[in-house]
Amino acid sequence: MEPIIEFKNATLGYGQKVVLSGISFSVLPGEYLGLVGPNGAGKTTIVRTILGSIPPIAGEVRVRSASGSALRIGYVPQRDTIDYVLPYTVREVVMMGRYRKIGLLRRPGPKDRDVVKQSLAHAAVDGLAERPFRDLSGGQKQRVLIARALATQPEVLILDEPTNGMDLPSRISVLDLINELHQGGKLTVIMISHLLDDVANHVRRIALVEPNFFQIGHVDEVLTAKNLSTLYQMPVDVHQMHGSKIILPGGRSHGAQ
Amino acid sequence: MELSEIVTTVVQDFPYALYGSILVGVICAFIGVYIVARRVVFFGAVLTQVSVLGLAMTFLPFFALPHAVGTLVVTLASAVVLSRMLTGRKIPRDAVLGFVFVSSIAARILILQKAPKVEASEIENLLRGDILFVTPDIFFMMLGAFVAAAVIHLLFFKEFTYISFDPETARTQGFNARIWDLVFYLVAGVVISFATHMVGDLFVFGFLVVPAMAGMLLSRKVNAIFAIAVATGVVAPILGLFLAFRYDFPASPAIVAVACAIVGIAWLASLIRHK
């Protein structure tokens with residue numbers, strides 16, 4: 001199977017300012033990849049390079065669909081990057097996902113409205129369609145942003161800190177939705193998160209990102225106490241409890257087995 | 001003056017004052033919704049001062065363009081520079097706008113001190129704009145700018161909406177946020193420069209902010225917010241002109257005061273609704 005995203009010895013950054021160098025990895029269709037690392041480590045830089053927002057400074061980055069055409073990517077940004085002054089309805093927000101396909105000087109047609117309807121249903125927010133987006137809870141907003149990404153009819157879904165600042169039920173609900181889209185919808189998923197537990201128990205492959213420390217592989221191989229201690233420059237323990245991974249600062253593992 | 005007498009005076013003797021103030025009220029109210037939504041209200045104030053600077057510069061021998069053209073050139077150049085500076089990260093947006101604001105005012109004062117062959121009162125009148133003496137030429141120029149701005153906003157409604165709501169995701173879908181920001185600021189620049197030349201900075205800045213606030217207080221639907229803002233842009237100039245004639249007030253402050261009163265009523269209505 002051909003990779004749809006491929007980094008070969010890439011140097012990434014902004015202008016001439018290098019953030020990460022020597023980055024090599026690939027993503028196959030249908031994968032679920034997590035990107036974790038400390039704040040400012042370069043996770044967003046990797047995603048922006050995949051999205052084409054910034055070019056690689058050196059090396060090679062190839063992003064293409066299995067058919068050789070441009071890869072359709074649905075992007076779910078952090079909720080706090082969105083401006084809530086105007087009370088756009090949920091339906092209007094999801095329709096924004098169609099704007100590129102609709103094109104210049106044209107208005108949404110029946111097909112766009114159908115796709116929006118399906119995307120709303122897929123993310124289980126069809127009941128909220130006429131409510132102002134800004135009035136929703138964090139979990140509901142995240143589902144709406146996922147619906148908007150689905151409205152682009154993507155092959156790859158990229159989510160930036162999708163569970164940041166949510167309560168436990170909302171976090172689980174959003175992570176379950178992402179799992180469902182990955183498994184049932186056959187979507188390739190790339191998720192950035194600084195919440196290690198969220199990533200560790202949902203993704204299959206994980207990349208630990210830090211300017212001088214980049215590792216990628218199966219969760220069990222990469223998510224070790226040694227690697228995490230190196231990444232965060234403090235003692236970190238990895239435990240198993242009821243089949244789930246729990247990551248704790250070293251020496252604070254009371255009750256975990 | 002009685003109501004019928006005022007109506008006759010305005011319609012017969014100052015028709016372009018009425019049409020012009022409604023025109024400026026409507027277009028500034030419409031663009032103002034975006035300006036308030038983008039949190040660049042100060043941008044409106046800055047461009048009005050830049051427009052006034054452009055007008056003042058036309059009194060300089062080496063920049064002796066027609067007033068409207070000089071205003072437009074300086075405002076558009078500033079809009080281009082501002083659209084670049086506002087997306088930078090080194091200096092906060094407010095500081096950039098504040099810098100342009102104070103430097104425009106300082107430059108205007110210095111230029112007018114040394115402007116040759118001009119009466120101070122003439123300059124003052126031009127800078128303040130006078131609704132009552134709007135000429136057909138200026139009115140039709142403004143009408144052209146209004147139509148162009150309205151067409152651009154209607155044609156590129158999707159792009160302006162997406163870029164102001166979520167620029168990061170819009171960029172990932174191939175929308176060039178810088179280009180669309182530039183288009184937005186240029187359109188705003190054209191409107192603000194013509195409007196400032198026509199009715200003065202107080203009226204223009206007032207209508208870039210106040211009608212949008214009325215819309216946001218009274219409605220929770222985006223289309224309705226635009227509609228209420230535009231309606232305020234129609235009603236306030238009519239009522240304001242009436243009050244100006246009835247009580248011998250200056251026109252611009254009277255019109256802006258009416259718009260502010262509408263916001264006051266809208267605020268009370270929103271308080272009552274949420275109780």
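1. Basis. The model is predicted, so that local features need pLDDT of at least 70 and side-chain atom pairs count only at pLDDT 80 or more, while totals for chains, interfaces and linings use all residues. Residues are numbered from 1 along each chain as its sequence is written, chains are lettered from A and ligands numbered from 1 in the order in which they are written, and side-chain values use heavy atoms, with hydrogens and water left out.

2. Extent of the interface. On chain B, 27 residues are in contact with 32 residues of chain A (contact: heavy atoms within 4.5 Å). The two chains bury about 2,800 Å² between them, 58% of it on carbon and sulfur atoms; buried area is the accessible area (1.4 Å probe) that two parts lose on being put together, summed over both.

3. The rule finds 3 salt bridges between chain B and chain A (a side-chain nitrogen of Lys or Arg within 4 Å of a carboxyl oxygen of Asp or Glu). One salt bridge joins the side chains of Arg220(B) and Asp135(A), at 2.6 Å from N to O.

4. The chain B side. Elements giving two or more residues to the side that touches chain A are α2 (15–37), α7 (136–155), α8 (157–165), α9 (167–172) and α12 (222–247) of chain B. Helices (H or I, at least four residues) and strands (E, at least two) are DSSP runs, numbered from the N terminus. The most comes from α8(B), with 6 residues.

5. Largest cavity. The whole structure has 2 cavities of 30 Å³ or more (on a 1 Å grid over the protein atoms alone, a set of points where a 1.4 Å probe fits but cannot get out; lining residues have an atom within 4 Å of a point). The largest has a volume of about 60 Å³. Its lining includes Asp83(A) and Tyr88(A) as well as Ala37(B) and Phe165(B), and α8(B) gives the most to this lining, with 3 residues.

6. Second largest cavity. This cavity has a volume of about 30 Å³. Among its lining residues are Arg148(A), Thr152(A), Thr169(B) and Gln173(B). The largest share of the lining, 3 residues, comes from β5(A).

7. Salt bridges overall. Over all chains the structure holds 14 salt bridges. In one of them, Glu2(A) pairs with Arg64(A), the closest N and O atoms being 3.2 Å apart. This pair links distant parts of the chain, 62 residues apart: Glu2(A) is in the segment before β1 (5–14) of chain A, and Arg64(A) is in the loop between β4 (58–63) and β5 of chain A.

Terms used
On a 1 Å grid over the protein atoms alone, a cavity is a set of points where a 1.4 Å probe fits but cannot get out, and a pocket is an open set with protein on both sides within 12 Å along at least five of seven lines; lining residues have an atom within 4 Å of a point. Grid points are joined across faces, edges and corners, and a volume is the space filled by probe spheres set on the points.
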